[in-house]
Amino acid sequence: MKTFWRNLLRNRGAALGLVVLAVVLVVAIAGPMLFPNSPWRMVQRPFLPPMTVPGFLLGTDALGRDVTAGLIHGARVSLIVGLVSTLAALAIGVPIGAMAGYFGGRADDALMRFTEFFQTIPSFALAIVLVAILQPSIYSIVGAIAIVSWPPVARLVRGEVLSLRAQEYVQAAIVTGHGHGWIIWREILPNTLSPVIVLASLMVATAILLESSLSFLGLGDPNLMSWGYMVGAGRTVMRQAWWITVFPGFAILLTVLALNLIGEGLNDALNPRLARER
Amino acid sequence: MSFIVQRLVKMVVVLLAIVVLNFFLIRAAPGDPALVMAGEAGASDEIFVAQLRERFGLDQPLPVQLALYVKGIATLDLGFSFRQQMPVADLIFSRLPATLLLTLSAFAISLALGVLFGSLAARRAGSWSDTLITVVALVFYATPLFWVALMAVLVFSVTMGWLPAFGYETVGAGLTGVARLSDIAQHLVLPATTLGLFFMATYARMTRASMLQVSRLDFVKTARAKGLGEGVIQRRHVLRNALLPVVTLAGLQAGTLVGGAVLTETVFAWPGIGRLMYEALLQRDYNLLLGIFVVSSAMVLIFNLVTDLIYRLVDPRIEIKA
């Protein structure tokens, strides 16, 4: 564990990513306490430029809502959606991949055709259609992102399980008469953990991008302030008030970049043999 | 030849599955379809609703409805958009050329620049230009597409005034011939470049990693031992083999390209099917929305088929049989 952290922090990008992510996390957790008012409330005159009135560091939007408060409340939405939808995608992808890799043969064929099918469908278009049909809410958004992002998990886990299944210790477990479920859960899956963690950290980043794109198109949860929504709402008045679109977009960029850097750092630290070429 | 037939059969099966999925999604759309259609048409008395039910076969059992739906799609009948008072297929096909122009230009830009920058970075691995390319690619890879598009408008249209901010051509300019083409090209620059940036970053990263991997293989050593020039080795031996995973990735990215087109066309008011999807979304026009979904899925399938064929052409290990 100690060497893991040392390896991870020696990677400058990953260390930087961790710092940025920590800041976003603190903002998401503590921010709403500093800004207890709803970010939807109109608190000042509209189109207030940044740093003109004390207390309104990033200015106000077209309806006089505080951009800083929106950014802070939006951090929570982005992180929650990113995390929960990734967990949901893992919950779909890991069992499918594990079963395909473990049982092989026809089960493998059928499950992989199913996975390929989902991989062929244009994912963003499917997410749009799903959220539009189920009505925009945080649940439909998380569900739609999970449904479009599990196939890579299934493929990765299948590959790992396929090679682990042939290992002697797994054969031994089969011979000693353990059930398939027990073997998969206790003997095989723990050994697939590190590549899955790497993939998951990158998936959180993609999920945040997806959520912001959906919110930008007006498919966000109408009760939750999110970064994508802010960019979308500021779009029509961008010529008069650049700050309404610039800041939330930059927040998305920083968070996603941080997660990608951490993902690459994790990859180098957990799979030293597959470490990125230098 | 049998390979192409096999791939075509597979493509048709997948398309059929997408159509079936689409059918159930339409049924899942909120409200009784007949009532929704009546509402969209602006009338909802009992007789009209019953007529609609009969006309669209909604009074039939589900399997019959499904068969009718598949049959409709096979004859390119994607239903009727009551909001726009036009058949869905007509709407989509009138917008298709603009989307093809945008996505194919973006694809060409991203592939050309991505491979160029990726191979540049790989050949000078560790230098400052490698670091610069890697960092820039990482940043573009993490930037929301719709935001890049808006920033591009802010910088290049609003502030600098170099390029038009939206649209396909100057409305009412009455240009013809070369003047019109150059007008369209000017409108195309910003949307195509922004759509291409994300993919350029992906291809650059992939090309770099893959070239570094290939350049350590034995056959490269052999080429060097034979006394071939470094340029020839990099181009003919390293790059050609390193491009294989890039082509695979390009095929897999087709769906993302379509998704990106929705965002880019929305920002730039580009009159393609992505913009049409946004309009359908605003009006909750489910028939149109799902029609676009089927057509864009079909586009992705065709694109996948093409990349598969290209893969076979560029892979030096696969012989193309006459």
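## Salt bridges within chain B

Glu279(B) and Arg95(B) form a side-chain salt bridge, 3.1 Å from N to O. The model is predicted. This pair joins distant parts of the chain: Glu279(B) sits in helix 12 (residues 273-282) and Arg95(B) in helix 5 (residues 88-123), 184 residues apart. Arg95(B) is buried, at 17% relative accessible area.

Asp218(B) and Lys221(B) also pair, at 3.8 Å from N to O. Both belong to helix 9 (residues 218-225) of chain B. They are three residues apart, about one turn of the helix. Asp218(B) is exposed at 57% relative accessible area. Lys221(B) is exposed too, at 53%.

In chain A, a salt bridge of 2.7 Å (N to O) connects the side chains of Asp108(A) and Arg158(A). It spans 50 residues and links distant parts of the chain, from helix 4 (residues 105-120) to helix 7 (residues 151-165). Asp108(A) is buried, with 9% relative accessibility. Arg158(A) is partly exposed, at 23%.

A salt-bridge network links Arg113(A), Glu116(A) and Lys10(B). Over all chains, the structure holds nine salt bridges.

## Surface patches

Arg123(B), Arg124(B), Arg235(B) and Arg236(B) form a positive surface patch. Arg235(B) lies in helix 10 (residues 230-252) of chain B. Its relative accessible area is 55%, so Arg235(B) counts as exposed.

Chain A carries a nonpolar surface patch of about 360 Å². Its members are Ile80(A), Leu83(A), Val84(A) and Leu87(A). Leu83(A) is located in helix 3 (residues 67-103) of chain A.

How values were computed. Residues numbered from 1 in each chain as written. Chains lettered and ligands numbered in written order. Predicted model: local features only at pLDDT ≥ 70, side-chain atom pairs only at ≥ 80, totals over all residues. Heavy atoms only, no water. Patch = residues over 30% accessible without salt bridge, like charges linked within 9 Å, V, L, I, M, F, W, Y side chains within 5 Å. Areas by Shrake-Rupley, 256 points an atom, 1.4 Å probe, with all protein chains shown as cover. Salt bridge = Lys/Arg side-chain N within 4 Å of Asp/Glu carboxyl O. Lys, Arg positive; Asp, Glu negative; His and termini not counted. Charge placed at Lys NZ, Arg CZ, Asp CG, Glu CD. Helix = DSSP H or I, 4+ residues; strand = E, 2+ residues; numbered from the N terminus. Buried < 20%, exposed > 50% of the residue type's maximum accessible area, 1.4 Å probe, protein only.
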